[in-house]
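Reader: Could you walk me through this model, feature by feature? I'd like the general idea each time, then the case at hand.

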Amino acid sequence: MADLFDWAQPEDTQFDYCLWPYKPVAATTGKLRSSTLLWQSFEALGAPPLLGEMVRAVRSEIGPFRTVWGVKQKGADFSWELYFYDYERLERDVSIERVLGALATYAPSRLALSPKRPYFMFSLDLDAALGERQRAIEEISVYLGNPSSVVSSGLCYQLTASGLRFDNLYYFFDAKDDWEDIVGKVAASAHLDLDGLDVSSILWPELCDCGIIVVANKKYNDGIYFSRIRIDQLIWFVDKLGYPYTIKAFLQAHKHQLDHMLYDVGIDYRMIDGKLEILKSAYYGVV
């Protein structure tokens with residue numbers, strides 16, 4: 001268990017899942033980095049050791065605190081996603097080519113995208129099949145800005161061997177100042193029956209005092225993300241969504257070593273026959 005722990009250093013900067021910096025909310029002395037939760041999830045969920053090697057290879061290539069990770073639950077299945085940001089766009093340092101190059105010995109990929117495309121973020125999935133060398137990296141999510149919108153938003157495309165296809169549209173709202181717009185955006189959904197809808201079944205009151213709420217319109221469902229929640233709220237989230245006890249127990253046992261950070265979580269949902277279903281959930285950190 002000891003090798004799971006990444007200890008915070010005085011010079012550390014705290015980042016949310018958009019790699020936007022924030023000030024720690026408690027003293028950092030003797031505390032843990034959020035990367036600890038990634039290593040702990042690998043152990044708790046029985047990830048192939050190769051996945052940890054892949055994360056470390058990328059971190060060695062591009063540097064620490066430049067990779068966002070997500071632990072994703074979909075039914076009884078778990079996977080991970082790595083997200084890479086470079087807001088310089090065409091002048092980017094962290095590119096698809098560079099990350100795939102760092103992973104080439106572990107998971108080859110033939111995917112490529114012109115460096116002249118102005119993406120600011122991309123991500124790829126890790127799972128047991130990839131960690132057991134049963135598949136290659138066959139899909140990458142690519143994100144671009146949407147500057148014509150009134151609020152900050154982003155466009156997501158899926159890059160495969162067949163090319164690019166549009167996938168999702170994300171809107172970023174201030175959780176306090178934009179509340180009416182958040183409720184309106186959630187309600188403007190092709191995946192919800194509005195008659196009798198209790199918006200609190202999606203905009204969970206336990207998490208709505210966060211910093212940013214992101215509403216996503218997706219092909220087969222919608223999504224909601226609560227950004228910059230506290231450690232007690234993260235514990236509540238993993239308990240509500242039924243994550244393995246070992247994950248919840250670790251958070252509880254080490255909450256006082258994790259209380260200096262803010263966290264990000266999300267759910268995908270849709271309504272089927274008048275019943276709201278949570279299809280997927282995730283929590284995030286930086287490594």
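Reader: Which residues in H2 meet which residues in H3?

Author: Contact here means heavy atoms within 4.5 Å. On the H2 side you have Met 54, Ala 57, Val 58, Glu 61 and Ile 62, and they meet Arg 98, Val 99, Ala 102 and Leu 103 in H3. The residues of this contact divide into seven nonpolar, no polar and two charged.

Reader: Before we go on, what should I know about the model and the labels?

Author: This is a predicted model, where local features need pLDDT of at least 70 and side-chain atom pairs count only at pLDDT 80 or more, while totals for chains, interfaces and linings use all residues. Residues are numbered from 1 along each chain as its sequence is written, and side-chain values use heavy atoms, with hydrogens and water left out. As for labels, helices (H or I, at least four residues) and strands (E, at least two) are DSSP runs, numbered from the N terminus.

Reader: At what angle do the axes of H2 and H3 cross?

Author: Axes are lines fitted to C-alpha atoms, for helices over the stretch in contact, and angles run from 0 to 180 degrees between N-to-C directions. Under 35 degrees counts as roughly parallel, over 145 as roughly antiparallel, 65 to 115 as roughly perpendicular and the rest as oblique. The axes of H2 (residues 49-62) and H3 (residues 96-103) cross at roughly 130° and come within 9 Å, so the two helices are oblique to each other.

Reader: And how do H1 and H2 pack?

Author: Their axes are 10 Å apart, at an angle of about 160°. That makes H1 roughly antiparallel to H2. From H1, Leu 38, Trp 39 and Phe 42 meet Leu 51, Gly 52, Val 55, Arg 56 and Arg 59 of H2. By class, the residues of this contact come out as five nonpolar, one polar and two charged.

Reader: Next, helix faces. Which residues of H5 are buried?

Author: The general idea: an α-helix has 3.6 residues a turn, so residues three or four places apart point the same way. Buried means under 20% relative accessible area, exposed over 50%, partly exposed in between (1.4 Å probe, protein chains only). In H5 (residues 179-187), the buried ones are Ile 182, Lys 185 and Val 186. Seen down the axis, they fall within an arc of 100°, so they line one face of H5; the arc is that of the directions from the helix axis to the C-beta atoms. Their cover includes strands E8 (163-174), E9 (212-217), E10 (222-229) and E11 (263-272).

Reader: What covers the buried residues of H7?

Author: First, who they are: Ile 247, Phe 250 and Leu 251, in a helix that runs over residues 245-253. Their arc is only 95° around the axis, which puts them on the same side of H7. The cover includes helix H1 (35-44), helix H6 (231-240) and strand E12 (275-286). On the face turned away from the buried side, H7 carries the exposed residues Tyr 245 and Ala 253.

Reader: Is Tyr 263 buried or exposed?

Author: Buried, with a relative accessible area of 1%. Tyr 263 sits in strand E11. Leaving aside neighbours within four places in sequence, its contacts include Leu 37, Phe 226, Ile 231 and Tyr 284. Tyr 17 is 246 residues away from Tyr 263 in sequence, with 8.0 Å between them in space, C-alpha to C-alpha.

Reader: Last one, backbone angles. Where is Phe 65, and what is its phi?

Author: Most residues other than glycine have a negative phi, and most peptide bonds are trans. Phe 65, though not a glycine, has a positive phi of about 60°. Phe 65 lies in the loop between H2 and strand E3 (67-74), and is partly exposed at a relative accessible area of 23%. Asp 273 also has a positive phi, near 55°. Its place is the loop between E11 and E12, and at 80% relative accessibility Asp 273 counts as exposed.

Notes:
Ala, Val, Leu, Ile, Met, Phe, Trp, Tyr, Cys and Pro count as nonpolar, Asp, Glu, Lys and Arg as charged, and the others, Gly among them, as polar.
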